[in-house]
Amino acid sequence: MNPVTIPPDMSVRRVILREHPVNELASSVRIDYERKFGQPPQEPGGWYHADDWHRVSYVIEMLRPGGRFLDVGCGAGQFLNMVARAGRFESVTGIDKARFKKYTEFEPDVSKSDGDIGSLQFDDDSFDVVTCMEVLEHVPDEVFLGGIEELRRVCRGQLIMSVPFCEPEPISRTHVRRFEVDDIRALFPDARLTLLDRPRMPWMVMEERFGATKGSWAAAAIRDDSDPRDATIARLRSEVEALRNRKSIRLANFVGRTVRGLENRIRG
């Protein structure tokens with residue numbers, strides 16, 4: 001493996017993907033799909049490769065339990081079924097612009113509809129947890145930035161996205177963009193980052209939190225024997241972050257950060 005280079009000033013957790021075990025949830029859903037469609041299936045569309053099962057095993061362990069869950073770009077439904085089978089949410093919803101013949105609902109709490117990331121047909125703050133994995137690299141320019149903001153708009157708690165990172169060129173024929181360090185910085189400045197490292201093309205996972213949960217990262221770092229003023233600082237940071245992420249100003253802040261990031265790249 002030739003690991004990608006992460007700048008020392010960029011906080012990224014690095015996980016060797018194939019050393020992270022495929023958990024029982026992923027294994028059980030994989031067995032169900034292979035039993036129904038064969039291994040390998042006659043038509044590969046929407047099928048998970050071996051690394052994908054390691055990836056979703058890692059991501060599902062990140063999910064915070066809640067009431068409503070949404071997966072944007074749910075493909076053949078493997079991750080949806082995993083989330084429903086875990087029993088952490090009251091409802092599990094998936095949307096996808098494409099229709100995959102192998103899409104299957106093994107669990108009763110799963111529902112899926114046609115939808116486009118550029119215009120999610122849900123109210124603001126509709127979901128406790130939103131995921132969008134291996135989708136953004138396929139999204140055309142005219143809806144790309146708006147699509148990211150749509151994910152943030154419908155999420156009231158935890159948003160998890162993932163993209164191929166530093167993909168070798170020429171990129172896949174189904175991809176319309178690459179993501180490098182400057183792209184991640186400009187597009188996801190407030191995200192907690194995890195690099196799922198693997199040969200040739202690792203994945204970068206971006207986790208954002210909104211509302212009352214936004215400041216929990218700072219609060220979690222406080223020890224029992226810490227100065228009580230630290231707790232006050234963490235609380236104030238949480239309140240500031242909650243204000244910053246009000247829907248009325250989130251888009252303006254996001255556009256401003258993105259433009260500044262792009263300007264810095266051009267000047268550099």
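Which residue in β6 is the bridge partner of Phe-127? In this predicted model, the partner is Cys-155, and the close-up views below begin with the strands that these residues belong to.

**View 1. Strand β5 pairs with β6 and also with β2**. Six bridges join β5 to β6, and the two strands run parallel; among the paired residues are Phe-127 and, in β6, Cys-155. The pairing of β2 with β5 is likewise in the parallel sense and extends over three bridges, while Asp-71 stands opposite Thr-131 in β5. Because six of the seven residues of β5 are buried, this strand is largely enclosed by the rest of the structure.

**View 2. β5, α4 and β6 form a β-α-β unit**.

View 3. Leaving aside residues up to four places away in sequence, Leu-136 touches Ile-117, Phe-144, Ile-148, Met-161, Val-163, Arg-177, Phe-179 and Phe-188. In soluble globular proteins, nonpolar side chains tend to be buried together.

**View 4. Helix α3 is mostly covered**. Seven of the nine residues of α3, which spans residues 78–86, are buried; these are Gln-78, Phe-79, Leu-80, Asn-81, Met-82, Val-83 and Ala-84. The elements that cover them include α1 (24–37), α2 (50–60), β2, β3 (89–96), β4 (110–114) and β5. Just after the helix, Gly-87 takes a positive phi of about 70°.

**View 5. Cys-74 and Cys-155 are both buried**. Buried here means under 20% relative accessible area, so Cys-74, at 5% relative accessibility, counts as buried, and Cys-155, with a relative accessible area of 0%, is buried too. How many disulfides does the model contain? The count comes to zero.

Definitions and conventions
Residues are numbered from 1 along each chain as its sequence is written. This is a predicted model: local features need pLDDT of at least 70, side-chain atom pairs count only at pLDDT 80 or more; totals for chains, interfaces and linings use all residues. Side-chain values use heavy atoms; hydrogens and water are left out. Contact means heavy atoms within 4.5 Å. Buried means under 20% relative accessible area, exposed over 50%, partly exposed in between (1.4 Å probe, protein chains only). Helices (H or I, at least four residues) and strands (E, at least two) are DSSP runs, numbered from the N terminus. Two strands pair if DSSP finds at least two bridges between them. A crossover is right-handed if, with the strands pointing away from the viewer, the path from the first strand over the helix to the second runs clockwise. A disulfide is a pair of cysteine sulfur atoms within 2.5 Å.
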